[in-house]
Amino acid sequence: MLPDFELCCSELQKYAFDDFDKTKYQKMNIYADFLVEYNEKVNLTAITEPREILVKHFIDSVAPFRYIELPENSSIIDVGTGAGFPSVPMKIFRPDLKLTLLDSLDKRITFLKLLCEKLEIEADFIHGRAEDTSKMSEYRENFDFACARAVANLSVLSEYCLPFVKVGGSFISLKGPSEDISSAERAITLLGGEIGDVTDYEIDGEGRRLIEVKKISQTPPKYPRNSAQIKKNPL
């Protein structure tokens, strides 16, 4: 399904991934095949062309490794993970990461369980809404990192994601180049965070913005609010 191994190596080397090997390639190829196959019955992605899957799903997902240090054995929750991006490719490249996949649609969780079984990847799966799950004691402020690759603005995403992150950890947001960071500063402060590094880069000529939100104090118990409040009255 993916382009051949040599082409994948060449594409990844453009982004300083020199340790790409055939084991990673085989897992990515299994992932791509299963994604396209499953997509015929459950809408998971509009990206189904082999090179686009490589670049817009896999390379886009692992690019944060170039800019943010994730210590060995870090725990990470992917909030609203959908088809597993960015965290499942991150796990392929870094098997030491402790992965939790959260999505509100049971159909996607079923896909992710089957996918991880095929990839022989260990992960925990949560079928639920972020605003409900993050209020549960076993998940609240329990992760070194949260990540999201979503279209919602940064203030909204921060309210969904920061409650999962322990003090000293970070929320990693993969956004487009036009993301307005200044408008999210108040929300992030209220949620116990502060904006860390912001990195602009390109993948295949398209702009990306990687935002690290550091967790510096506990999130007040009243957050997150319910989804209707979050959407209607962003912090």
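Which residue in β7 is the bridge partner of S173? I looked it up, and the partner is I211. I note here that the model is predicted.

**Entry 1: the sheet**

I traced the strand order next. The sheet is open, has 7 strands and reads β3-β2-β1-β4-β5-β7-β6, with mixed pairing. β3 (124-127) and β6 each have a single partner strand and stand at the edges, so one side of each has no neighbour in the sheet. As a reminder to myself, strands of a sheet pair through backbone hydrogen bonds, in parallel or antiparallel fashion.

**Entry 2: the pairs made by β7**

I then went through the partners of β7. With β5, the strand runs antiparallel, and 6 bridges join the two. The S173 and I211 pair is one I had already noted. With β6 (residues 193-203), β7 is again antiparallel, and here I found 9 bridges. I picked out D200, whose bridge partner in β7 is R209. β6 and β7 form a hairpin with 2 residues between them. In that turn, D204 has a positive phi of about 55°.

**Entry 3: helices on the sheet**

Helix α5 (residues 106-119) lies across β2 and β3, and its direction is about 170° to β3. α7 lies across β1 (75-79), β4 (143-148), β5 and β7, running at about 140° to β5.

Is α7 mostly covered or mostly open? I found it mostly covered, with 8 of its 8 residues buried. The list I wrote down is L154, S155, V156, L157, S158, E159, Y160 and C161. It includes the charged residue E159.

**Entry 4: the largest pocket**

I took the volume of the largest pocket as about 1,100 Å³. Its lining has 39 residues, and those that lie nearest the centre are G80, R149, A150, V151 and A152. The elements that give two or more residues to the lining are α3 (50-62), β2 (98-103), α6 (130-133), α7 (154-161), β5 (165-175), β7 (206-215) and α9 (227-232). I sorted the lining by class and got 17 nonpolar, 10 polar and 12 charged residues.

**Entry 5: backbone exceptions**

Most residues other than glycine have a negative phi, and most peptide bonds are trans.

Which residues does the cis peptide bond with omega of about 10° join? It joins F85 and P86. I placed P86 in the loop between β1 and α4 (87-93). A cis bond also runs from Y223 to P224, with omega near 0°. P224 is in the loop between β7 and α9.

For positive phi, I noted A16, at about 70° although not a glycine. A16 sits in the loop between α1 (5-13) and α2 (22-38). A16 is exposed, with a relative accessible area of 52%. I noted E141 too, with a positive phi near 50°. E141 belongs to the loop between α6 and β4. At a relative accessible area of 18%, E141 is buried, whereas A16 is exposed.

Key:
Residues numbered from 1 in each chain as written. Predicted model: local features only at pLDDT ≥ 70, side-chain atom pairs only at ≥ 80, totals over all residues. Heavy atoms only, no water. 1 Å grid on protein atoms, 1.4 Å probe; cavity = no way out; pocket = protein on both sides within 12 Å on 5 of 7 lines; lining within 4 Å. Points joined across faces, edges and corners; volume = space filled by probe spheres on them. Helix = DSSP H or I, 4+ residues; strand = E, 2+ residues; numbered from the N terminus. Pairing = 2+ DSSP bridges. Buried < 20%, exposed > 50% of the residue type's maximum accessible area, 1.4 Å probe, protein only. Contact = heavy atoms within 4.5 Å. Axes fitted to C-alpha atoms, helices over the stretch in contact; angles between N-to-C directions.
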